[in-house]
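This report looks at side-chain contacts in a predicted model.

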Amino acid sequence: MKKRSIFFSVTIALFAITSQVFGQGYVFTDVVVNPATSVKNQASSGTCWSYATTAFIEAELLRTGKGDHDLSEMYVARVNYANRMNDNYLRRGEGNLGEGSVAHMFTNIFRENGIIPQEAYNGINYDSKLNNHKELNKYVNAISTASVELKQKSPEYYKIVNNLLDTYLGKVPDKFTYRGKEYTPKSFAESLGLNMSDYVEITSFSHIPFYKESVIEIPDNWDFGRYYNVPLDEFMEVINYALNNGYTVCWDGDVSEKGFSHKNGVAINPEITDLNNYADTDRARFEKMSTDDKYGEILKFENIFPEVKVTQDIRQKGYETFVTTDDHLMLLTGIAKDQKGNVYYRTKNSWGTERNKFGGYLNMSESFVRAKSISVMVHKNSIPKAIKSKLGIQ
């Protein structure tokens with residue numbers, strides 16, 4: 001096992017990978033590390049859903065012995081733009097034209113439209129090294145609004161949409177050569193040998209029936225995709241079983257909480273009402289902080305703070321009071337523990353490698369994941385047999 005120490009001083013948070021503990025604070029030891037491709041950067045684009053699901057599928061290719069592939073997130077995002085504009089038109093302008101979507105939209109596009117490697121389609125056809133969709137989204141909204149007001153999608157509408165996407169993202173190649181072979185997007189997807197029907201989404205909410213498929217009411221689920229619903233303990237059992245058996249997990253959840261600190265490489269769900277067992281310096285610094293600062297600064301303390309014991313009811317309350325929201329998708333690649341034995345999930349983000357000192361990874365605590373997950377996508381064979389049977393998954 002690899003030991004990773006995270007320790008904090010008054011002014012800085014310092015992370016080190018080491019075989020010994022150099023100070024107090026968070027010290028992580030890797031328990032499970034599953035193979036994944038390199039960390040990517042979604043930059044100024046709301047395409048985490050595509051980056052996270054691409055990372056998941058790339059990890060599946062590694063797991064199944066099909067090699068290391070870098071797939072094009074922007075090809076999938078391009079198809080999704082057109083799909084979302086069409087959905088908005090049919091909803092008389094009441095659709096979701098934001099950039100967000102969810103994992104099954106990636107697998108649906110993979111199945112129906114194929115996929116392209118990154119080297120054949122990087123999705124940047126403007127003067128920038130990284131994604132920047134600010135202007136593109138303005139025009140997506142303007143064109144969508146016009147078509148609704150006109151109550152028609154003429155042949156010219158389709159030309160305008162395609163020209164817009166070509167201008168910003170580049171024309172999609174009908175054929176391309178990759179590793180010495182010629183493919184179309186569909187033939188390349190077929191060559192990878194993955195069945196998108198093998199991937200399912202699972203959630204855990206008490207307002208919908210357990211062990212059934214239901215629509216969850218998050219805005220990014222604009223196509224009304226259906227999720228299998230299980231009790232919270234079984235939801236966590238699915239995650240743990242998958243990771244312990246060599247699978248990765250595509251995670252969708254809330255990162256708006258102040259206990260989420262990508263910069264410090266940690267996401268925690270602290271119980272801030274009990275400071276009695278902690279050092280006077282920690283308690284004094286905590287009590288001096290304003291309410292807005294408390295969660296953000298808690299990661300800089302020298303001691304590990306207790307976290308909320310999350311039940312199904314606590315989780316549900318967070319969802320129904322809009323405290324837990326659908327913010328971000330990432331990839332769970334493994335399991336770690338701190339020096340007190342608390343469980344964390346090793347998480348690959350899509351914010352590049354330079355925004356923290358951990359190569360773009362972070363550790364999300366078990367309490368955080370129990371409370372702040374919206375859903376996960378997993379391979380159906382990574383679900384424990386008893387749960388799989390309850391869900392009627394073959």
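Which residue lies over the face of phenylalanine 205? Arginine 315 does, at 4.4 Å from the ring centre. Arginine 315 also lies over the face of phenylalanine 235, at 5.4 Å from the ring centre. A charge counts as over a ring if NZ of Lys or CZ of Arg is within 6 Å of the ring centre and within 35 degrees of the ring normal.

The model is predicted: local features need pLDDT of at least 70, side-chain atom pairs count only at pLDDT 80 or more, and totals for chains, interfaces and linings use all residues. Residues are numbered from 1 along each chain as its sequence is written, and side-chain values use heavy atoms, with hydrogens and water left out.

**Salt bridges**

The whole structure holds nine salt bridges (a side-chain nitrogen of Lys or Arg within 4 Å of a carboxyl oxygen of Asp or Glu). Among them are these:

| Pair | Closest N to O |
|---|---|
| Lysine 380, aspartate 198 | 3.6 Å |
| Aspartate 233, arginine 370 | 3.0 Å |

Aspartate 233 sits in helix α7 (residues 232-244) and arginine 370 in helix α11 (residues 366-372), 137 residues apart. Helices (H or I, at least four residues) and strands (E, at least two) are DSSP runs, numbered from the N terminus. Aspartate 233 is exposed, at 54% relative accessible area. Arginine 370 is buried, at 15%. Buried means under 20% relative accessible area, exposed over 50%, and partly exposed in between (1.4 Å probe, protein chains only). Both lysine 380 and aspartate 198 are buried. Arginine 78 is buried too, at 10%, as is aspartate 166, at 16%.

**Aromatic pairs**

A search of the whole structure finds 15 aromatic pairs. Rings of Phe, Tyr and Trp (its six-membered ring) pair if their centres lie within 6.5 Å; planes under 30 degrees apart are stacked, over 60 edge-to-face, and the rest tilted. Phenylalanine 28 and tyrosine 344 pair edge-to-face, 4.6 Å centre to centre with 80° between the planes. Phenylalanine 28 lies in strand β3 (residues 27-33) and tyrosine 344 in strand β13 (residues 343-348), so the pair ties together parts 316 residues apart in sequence. Phenylalanine 28 is buried at 0%, and tyrosine 344 is buried at 0%. Elsewhere, Phe176, Tyr178, Tyr183 and Phe188 form one aromatic cluster.

**Helix α3**

Helix α3 spans residues 103-113, and its buried residues include Met105, Phe106, Ile109 and Phe110. Glycine 114 follows α3, with a positive phi near 85°.
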